[in-house]
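Please examine the sequence and the structure shown below. The report that follows is written for a reader who is new to protein structure.

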Amino acid sequence: MKDSNRTVRWGILGTARIAEKISIAIHQADNAELSCIASRDPVKAADWAQQHHVKRSVGSYEALLQDPNIDAVYIPLPPSMHGEWTVRAAKAGKHVLCEKPLALNVNQAREMRRVCLENQVQLMDGVMWYHHPRAHEMLKLIRSDELGEHRRFTSAFTFCWDEVPENDLRLQRDLGGGSLGDLGWYCIGAALWAFNELPQKVFGTARPYNDVDYNFSGIMWFTKNRIASFDCGFDVSMRKWFELAGTEGSLLCDDFTRPWEKQKPAYYVNDGNGNATRHETGNPLQETCMINHFCDIIRSGRLEQQWSDLGINTQRVLNALDYSARTETVVNLADFFPT
Ligand SMILES: NC(=O)c1ccc[n+]([C@@H]2O[C@H](COP(=O)([O-])OP(=O)(O)OC[C@H]3O[C@@H](n4cnc5c(N)ncnc54)[C@H](OP(=O)(O)O)[C@@H]3O)[C@@H](O)[C@H]2O)c1
């Protein structure tokens with residue numbers, strides 16, 4: 001039985017495919033309750049509510065924001081709508097878990113953070129893996145001296161469509177589509193998470209389609225001779241790995257965005273002499289870890305600004321990479337939306 005004094009009451013804006021996973025997580029979390037689903041179409045909302053065990057449904061996003069019995073909203077709308085609906089939610093006093101990419105550009109993301117701060121609500125993007133115990137273990141290793149001096153962070157996140165879904169939001173420029181925002185967001189975020197700072201300069205190259213990037217390759221130069229590179233796209237089979245290589249060894253996670261086998265999340269440490277150690281970690285659902293963490297923040301009353309900062313930094317690097325690919329130039333981050 002959930003403790004009503006500690007339960008965060010959630011609403012979801014839009015019957016998105018990904019909302020199904022989050023609805024399961026909210027039901028599973030012991031400090032959360034799924035109170036309402038909103039859709040542009042009231043019939044769709046009612047059907048979704050019935051299928052996903054939600055008490056109430058409403059036929060507009062605004063109606064959900066006006067409900068005083070909602071504490072937090074999850075926003076899985078197309079990226080072009082994240083900015084507007086985050087700001088409206090924050091002004092209505094709701095905490096915001098917003099899907100990635102956070103915004104269309106850095107200025108919009110910064111405005112989202114400003115309004116959330118002004119209204120004393122949490123802002124976090126929907127990247128789940130950061131909240132899993134495996135990520136905490138890997139970060140502890142990264143912050144230790146076990147790998148020696150860090151040199152390279154390499155990652156990939158791809159999948160392959162059998163048939164190109166022309167209407168998918170990922171292929172619509174006006175909805176904020178493109179593989180960089182959809183998949184590269186994870187690779188960039190992981191590099192910032194591991195190196196704990198922003199790159200100094202970046203370069204990107206993309207295969208264009210419909211004025212979005214169908215695939216993207218990026219390189220980011222950091223201080224202390226560290227480099228991160230990645231590729232992402234919709235035209236290679238599923239890959240979701242990163243490797244952090246240092247002078248004394250390397251860390252490999254071959255499924256960082258979501259474990260291949262959810263019962264056995266693992267990572268590997270290689271000592272550079274052919275000795276690889278496999279480390280298995282706890283295996284809670286990463287969606288539930290994220291929801292639990294978000295609810296804990298709200299219940300503690302202490303907002304964690306590091307999450308919106310990470311989102312905004314990821315957005316800034318992403319936009320610099322996109323600009324680099326479009327202009328075929330190396331971009332200095334200091335010149336690109338300086339703080
Ligand atoms: N964190 C993750 O693991 C993860 C995974 C997948 C996707 N995502 C992110 O989640 C967001 C949604 O992705 P998705 O693939 O789940 O999207 P989707 O199934 O296409 O759903 C998007 C929803 O947005 C609403 N919407 C409002 N205006 C729309 C418009 N003009 N065109 C299309 N939809 C509109 C619709 O809800 P109503 O019709 O009910 O109003 C629709 O169901 C994206 O930002 C994506 O990057 C995150």
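This report describes selected helices, strands and loops, grouped by region.

## The model and its annotated regions

The structure is a predicted model. According to UniProt, an unreviewed entry places the feature "domain: Gfo/Idh/MocA-like oxidoreductase N-terminal" at residues 8-124. In the model, this span is 43% helix and 22% strand, and its end C-alpha atoms lie 15 Å apart.

UniProt also lists residues 137-251, again in an unreviewed entry, as "domain: GFO/IDH/MocA-like oxidoreductase". Residues 137-251 are 21% helix and 46% strand, with end C-alpha atoms 12 Å apart.

Strand 4 (residues 72-75) pairs with strand 5 in the parallel sense, over 4 bridges. One of the residues involved is Ile75, whose bridge partner in strand 5 is Cys98.

In a regular strand, the side chains alternate between the two faces of the sheet. In the loop between strand 5 and helix 5 stands Pro101. The peptide bond from Lys100 to Pro101 is cis, with omega near -15°.

## Helix 5

Helix 5 comprises 13 residues, 106-118.

Which residues of helix 5 are buried? They are Val106, Ala109, Met112, Arg113 and Cys116. Seen down the axis of helix 5, these buried residues fall within an arc of 120°, so they line one face of the helix. After helix 5 comes Gln120, which has a positive phi, near 55°.

## Helix 7

Helix 7 has 17 residues, numbered 179-195. From its first C-alpha to its last it reaches 23 Å, close to the 24 Å expected at 1.5 Å a residue. Helix 7 also has a kink of about 45°, centred on Trp185.

Helix 7 is mostly covered, since 17 of its 17 residues are buried. Asn196 follows helix 7 and has a positive phi, near 60°.

An open sheet is formed by 9 strands, in the order 14-13-12-11-7-10-9-8-15, and the pairing is mixed. Its edge strands are strand 14 (276-280) and strand 15 (331-332), each of which pairs on one side only. Strands of a sheet pair through backbone hydrogen bonds, either parallel or antiparallel.

Several pairs within the sheet can be followed in detail. Strand 9 (residues 212-222) and strand 10 (residues 226-233) run antiparallel and are joined by 8 bridges; in strand 10, Arg226 is the bridge partner of Phe222. Strand 11 (residues 235-246) and strand 12 (residues 250-253) also run antiparallel, with 4 bridges. These two strands form a hairpin with 3 residues between them, and Ala245 stands opposite Ser250 in strand 12. Strand 12 in turn pairs with strand 13 (residues 266-270) in the antiparallel sense over 3 bridges, where Tyr268 of strand 13 is the bridge partner of Leu252.

Gly204 is found in strand 8 (residues 201-209). Is Gly204 buried or exposed? Gly204 counts as buried because it has 27 C-beta neighbours inside 10 Å, and the cut-off for a buried residue is 20 or more. Leaving aside neighbours within four places in sequence, Gly204 is in contact with Phe216, Ser217, Gly218, Leu321, Asp322, Ser324 and Ala325. By contrast, Gly204 and Ala190 are 14 residues apart along the chain, and their C-alpha atoms are separated by 17 Å.

Asp211 lies in the loop between strand 8 and strand 9. Its phi is near 65°, a positive value in a residue other than glycine. Asp211 counts as exposed, with 11 C-beta neighbours inside 10 Å. Glu328 is placed in the loop between helix 9 and strand 15. Its phi, near 55°, is likewise positive in a residue other than glycine. Glu328 is exposed, with 9 other C-beta atoms within 10 Å.

Note on methods: Residues numbered from 1 in each chain as written. Predicted model: local features only at pLDDT ≥ 70, side-chain atom pairs only at ≥ 80, totals over all residues. Expected span 1.5 Å × (residues − 1). Buried ≥ 20, exposed ≤ 12 C-beta atoms within 10 Å, placed from the backbone. Arc of directions from axis to C-beta. Bend = angle between axes of the 7 residues up to and from the residue. UniProt positions renumbered as here; feature names shortened; annotations may be inferred. Pairing = 2+ DSSP bridges. Contact = placed C-beta atoms within 7 Å.
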